[in-house]
Amino acid sequence: MALERTPEPELMDGLEQVRAYAAADFNDSDQAMCERLAELCGGDPGPQLVDLGCGPGNITFRLARSWPGAAVLGLDGAPQMLAVARQRSATQPELAGRLLFEQALLPLVDPGEWEGAFSMVVSNSLLHHLHEPAVLWQAVAQLAAPGAFVYIQDLRRPSSAEAVEALVVSQTEGAPEVLRRDYRVSLHAAFTVAEVEQQLQHAGLGTQLQVAPRQERYLEVWGRLGQAWS
Ligand SMILES: C[S@@+](CC[C@H](N)C(=O)[O-])C[C@H]1O[C@@H](n2cnc3c(N)ncnc32)[C@H](O)[C@@H]1O
């Protein structure tokens, strides 16, 4: 029988949890994700990028560095995560003026000036945190400009508890206990490709965005919405 999903707490705002996450080395996987999205978007993300559930900004900073002509906004609901992102930002003044971090909790009740403003919408490892995954797809539709490129990566729920444990062993060897525990919880909270396909259908995005497994532990969603933004 397939492994049932067990949701986890949405926000990551515990001090120990935030510190452990911010100190962890996700360089290889973060770099691989950014290369992948650059390849899929054809190398041109447009002028305004948003990173949903940005945490301490691991992906957000990479986006800003990869595309010097773009303005980049990182959004997260957790003040402690944003505090780390802003501290890091202060040490990189060369990005000032085009890299911003703001607190925003999904669902976005009133996106205001952000509505339809972004030529690329990105998110890494947010979806599995959400108790109601539709809020991510709703935020994508709210924030994307016509023709925006969308790239979402997340963990993929393994088919059994044994497969979860095998990934915990292989992926978190030597990591602090808090990270190993969070990773296990996250794998149990993650969605399958079939579940995300259904989410996209319900959100009316099924014909514009596609979902596929990526490597042994991820799934990815990508595509371009509506007409060209330029
Ligand atoms: C696993 S972290 C990923 C951080 C970052 N994207 C990265 O790749 O390193 C998930 C982030 O999503 C945020 N988050 C969870 N639920 C959220 C919600 N409903 N609205 C906004 N942010 C949320 C958490 O606070 C946390 O910072």
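The ligand is surrounded by 21 residues, counted when a heavy atom lies within 4 Å of the ligand. Among the 21, the closest are Tyr21, Gly53, Asp76, Leu106 and Asn124. This is a predicted model, in which local features need pLDDT of at least 70, side-chain atom pairs count only at pLDDT 80 or more, and totals for chains, interfaces and linings use all residues. Residues are numbered from 1 along each chain as its sequence is written, and side-chain values use heavy atoms, without hydrogens and water.

By class, the shell has twelve nonpolar, seven polar and two charged residues. Here Ala, Val, Leu, Ile, Met, Phe, Trp, Tyr, Cys and Pro count as nonpolar, Asp, Glu, Lys and Arg as charged, and the others, Gly among them, as polar.

The table lists polar contacts (pairs of N or O atoms within 3.5 Å).

| Residue | Protein atom | Ligand atom | Distance |
|---|---|---|---|
| Glu10 | side-chain N or O | nitrogen | 3.1 Å |
| Gly77 | backbone N or O | nitrogen | 3.1 Å |
| Leu106 | backbone N or O | nitrogen | 2.9 Å |

On its own, the ligand has 590 Å² of accessible area (Shrake-Rupley method, 1.4 Å probe). The protein covers 99% of that area.

The ligand takes up the space of the largest pocket, with more than half of its atoms within 2 Å of the grid points. A pocket is an open set of points on a 1 Å grid over the protein atoms alone, where a 1.4 Å probe fits, with protein on both sides within 12 Å along at least five of seven lines; lining residues have an atom within 4 Å of a point.

The lining has 46 residues, and Tyr21, Phe26, Asn124, Ser125 and His128 lie nearest the pocket's centre. By class, the lining has 20 nonpolar, 16 polar and ten charged residues.

How values were computed:
Polar contact = N/O pair within 3.5 Å; in protein donor to acceptor, adjacent residues only side chain to side chain.
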